[in-house]
Amino acid sequence: EQAKHNLRNLLLTVKGERVMQPELGCDIWKMVFDQIDDTVRQKAETHIRNAVSLWLPYLEIKEVKVVNTFRETDENILHLEVVFYLIDDPNAYDSITFDVESFVNY
């Protein structure tokens, strides 16, 4: 559970937000105004993998999925599911789901 919270906090932290640690965070928030197209999953996965490899080296990302990209009520919100596991226990997968839209408030 702690790894899950650490991953969520890392992905929701905007680089530059933390005083004295300006590189802590993930660049996924830069995708807020990007066009949602076929490359969006790959761009999101690159941002997530870069942040995790630097800040959470005990985690391995198995997969980044784009979930329900378009809905009637929120067609421009990018919903992501990140499937991960602890390097020490590669058979125990877990996942978090979050919206890239939530970064608009920053």
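**Salt bridges and helix packing in the predicted model**

The side chains of glutamate 81 and lysine 65 meet in a salt bridge, with N and O 4.0 Å apart; a salt bridge denotes a side-chain nitrogen of Lys or Arg within 4 Å of a carboxyl oxygen of Asp or Glu. This pair links distant parts of the chain, glutamate 81 lying in strand β2 (residues 79-86) and lysine 65 in strand β1 (residues 59-66), 16 residues apart. Strands (E, at least two residues) and helices (H or I, at least four) are DSSP runs numbered from the N terminus. Glutamate 81 is buried at 19% relative accessible area, whereas lysine 65, at 31%, is partly exposed (buried, under 20%; exposed, over 50%; partly exposed, in between; 1.4 Å probe, protein chains only).

The model is predicted: local features require pLDDT of at least 70, side-chain atom pairs count only at pLDDT 80 or more, and totals for chains, interfaces and linings use all residues. Residues are numbered from 1 along each chain as its sequence is written, and side-chain values use heavy atoms, with hydrogens and water left out.

Across the whole structure, 6 salt bridges are found. One of them joins aspartate 94 to lysine 4, with the closest N and O atoms 3.5 Å apart. Here strand β3 (residues 89-99), which holds aspartate 94, is linked to helix α1, which holds lysine 4, across 90 residues. Aspartate 94 is partly exposed at 28% relative accessibility, as is lysine 4 at 24%. Lys15, Glu23, Asp27 and Lys30 are linked in a salt-bridge network; within the pair formed by lysine 30 and aspartate 27, the closest N and O atoms are 3.8 Å apart.
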